[in-house]
Amino acid sequence: MDDKSLSGDLQLFSAESVAAVPQESGTSFRGTFDQRLCFFRVTVVCGRLELLLSANISIGKESSTNERLDCEGIALKLYFYRVRYFVRKKCQVQMAMFCIHKCLKCGLRNQTLKQRGLSVYTSVYRVNEDDIKEKLQQHPGGSIDLQKDQNGIANLIINNPERKNAFSGTMMLDFRDRVEELEHWTNGKGLIVRGAENTFCSGSDLRAVKAMSNPEDGLRICMFMQNTLTRLLRLPLISVALVQGKALGGGAELTTACDFRLMTSGSEIRFVHKHMGLVPGWGGATRLIKLIGYRNALKLLSSAQHVNPATGLKIGLVDEILSSTDEGSCLEEAENWLNQYTGGSSQVIRAIKNVVVSGRELSQEESLKNEKSIFGTLWGSHANLKALDQNIKHN
Ligand SMILES: CC[C@H](C(=O)O)C(=O)SCCNC(=O)CCNC(=O)[C@H](O)C(C)(C)COP(=O)(O)OP(=O)(O)OC[C@H]1O[C@@H](n2cnc3c(N)ncnc32)[C@H](O)[C@@H]1OP(=O)(O)O
């Protein structure tokens with residue numbers, strides 16, 4: 001193996017970067033230097049942010065490189081100081097520093113797909129999720145359960161069957177924590193989001209909604225849930241909502257934060273917001289338009305119609321109608337369905353999800369840059385070299 005492993009601490013500087021980056025933890029990097037290709041693959045870990053960088057670097061003798069790297073829309077400057085390359089195949093990076101070149105104001109919100117736990121609103125509205133935490137804690141009930149298996153498939157279960165799996169305040173907090181746990185699950189490939197006891201989710205717990213019906217709390221909850229669902233959608237896992245029974249209000253919105261939706265016969269998805277004097281607030285309208293188009297989204301939201309599996313399939317909201325109805329068999333069917341897409345190396349599956357999400361969320365130029373970065377992490381990787389060795393034919 002020619003690659004050399006690198007790791008160390010990065011020194012952050014510039015006032016802008018200090019303001020923009022979570023400061024609770026240090027900044028470090030780990031990466032490899034491919035001697036044959038003169039290519040760096042570096043992951044910069046900066047608080048909860050994780051950025052993948054890759055760069056060609058010209059070497060031959062002792063050199064000092066200031067390589068500007070545009071990464072995921074954030075202009076970063078990564079300085080490798082005194083990169084030494086000796087003929088005796090020894091590579092040494094003595095010091096590395098980077099600065100965030102531009103203030104991240106909106107770039108961070110929209111473009112950092114590899115974000116780790118950072119609120120999508122942090123840089124724009126400076127919302128502190130802790131503001132609403134205390135209030136949500138006052139509305140307990142149910143739980144969000146996470147089961148991760150050895151094969152890289154997890155189940156996220158909305159568990160409050162007495163209230164048709166409505167989200168209590170503590171479940172909203174739990175949900176954020178479970179999503180954060182999944183962000184750190186580096187072996188994961190797939191995720192099934194489902195409800196306990198044969199029904200999906202009836203939205204927010206109406207008792208909590210009534211208790212927090214003032215606009216300030218409403219907006220805080222809205223932002224909190226938008227953050228969590230955005231993070232769910234951006235997970236490097238292929239996710240599927242398994243809809244049994246009813247997915248109402250916030251529950252319908254939750255289905256749109258998964259990559260795919262599977263429905264069992266007799267189940268329904270229904271955006272009941274209009275009847276509650278509301279519009280979706282968990283990001284459901286924004287995602288719905290991307291899924292089924294402007295006109296279909298307008299129809300569903302303005303009619304609050306029941307979407308049964310057949311209609312769901314017809315308008316493109318739903319990917320498959322499952323034939324079983326009992327809980328165990330549905331889950332097995334959903335797992336088999338998901339397995340079609342999660343076979344193979346987790347590094348590759350996660351990279352695929354990353355480039356597809358970036359293609360949807362970023363501008364063409366930024367997405368191309370991201371694709372290049374991700375490609376750089378796979379070229380010459382273990383999975384890639386193994387495939388080359390096997391001389392695979394695709395006929
Ligand atoms: C609109 C968006 C908003 C947001 O936060 O952004 C929301 O999501 S608000 C919530 C929208 N959802 C609802 O309004 C659901 C209202 N409930 C129903 O329509 C029905 O209960 C239904 C269809 C979910 C289930 O009907 P079913 O006949 O099968 O059962 P029950 O009605 O007897 O329900 C059993 C038990 O669950 C309680 N329940 C159901 N949903 C909720 C909920 N969202 N919040 C609190 N409690 C809920 C229901 O009241 C029953 O409890 P009980 O003590 O027996 O009355």
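T256 is buried, with a relative accessible area of 2%; buried denotes under 20% relative accessible area (1.4 Å probe, protein chains only). The model is predicted: local features require pLDDT of at least 70 and side-chain atom pairs pLDDT 80 or more, whereas totals for chains, interfaces and linings use all residues. Residues are numbered from 1 along each chain as its sequence is written, and side-chain values use heavy atoms, with hydrogens and water left out.

The ligand is surrounded by 17 residues (a heavy atom within 4 Å), of which E162, S202, S204, L206 and G250 are the closest. A backbone N or O atom of L206 lies 2.8 Å from a nitrogen atom of the ligand. Oxygen atoms of the ligand are found 3.0 Å from a backbone N or O atom of G250 and 3.2 Å from a polar backbone atom of E162. The protein buries 61% of the 980 Å² that the ligand exposes when taken alone, areas being derived by the Shrake-Rupley method with a 1.4 Å probe.

The largest pocket has a volume of about 820 Å³. A pocket is here an open set of points on a 1 Å grid over the protein atoms alone, with protein on both sides within 12 Å along at least five of seven lines, and lining residues have an atom within 4 Å of a point. Its lining holds 34 residues, with S204, L206, V209, L278 and W282 closest to the centre of the pocket. By class, 18 of the lining residues are nonpolar, 12 polar and four charged. Helices α5 (169-183), α6 (206-211), α7 (215-234) and α8 (250-256) each contribute at least two lining residues, and the largest share, five residues, comes from α7. Helices are DSSP runs (H or I) of at least four residues and strands (E) of at least two, numbered from the N terminus.

S324 occupies the loop between β16 (320-322) and α12 (327-342). S324 counts as buried because its relative accessibility is 15%.

Note on methods: Polar contact = N/O pair within 3.5 Å; in protein donor to acceptor, adjacent residues only side chain to side chain. 1 Å grid on protein atoms, 1.4 Å probe; cavity = no way out; pocket = protein on both sides within 12 Å on 5 of 7 lines; lining within 4 Å. Points joined across faces, edges and corners; volume = space filled by probe spheres on them. Nonpolar A, V, L, I, M, F, W, Y, C, P; charged D, E, K, R; others polar. Buried < 20%, exposed > 50% of the residue type's maximum accessible area, 1.4 Å probe, protein only.
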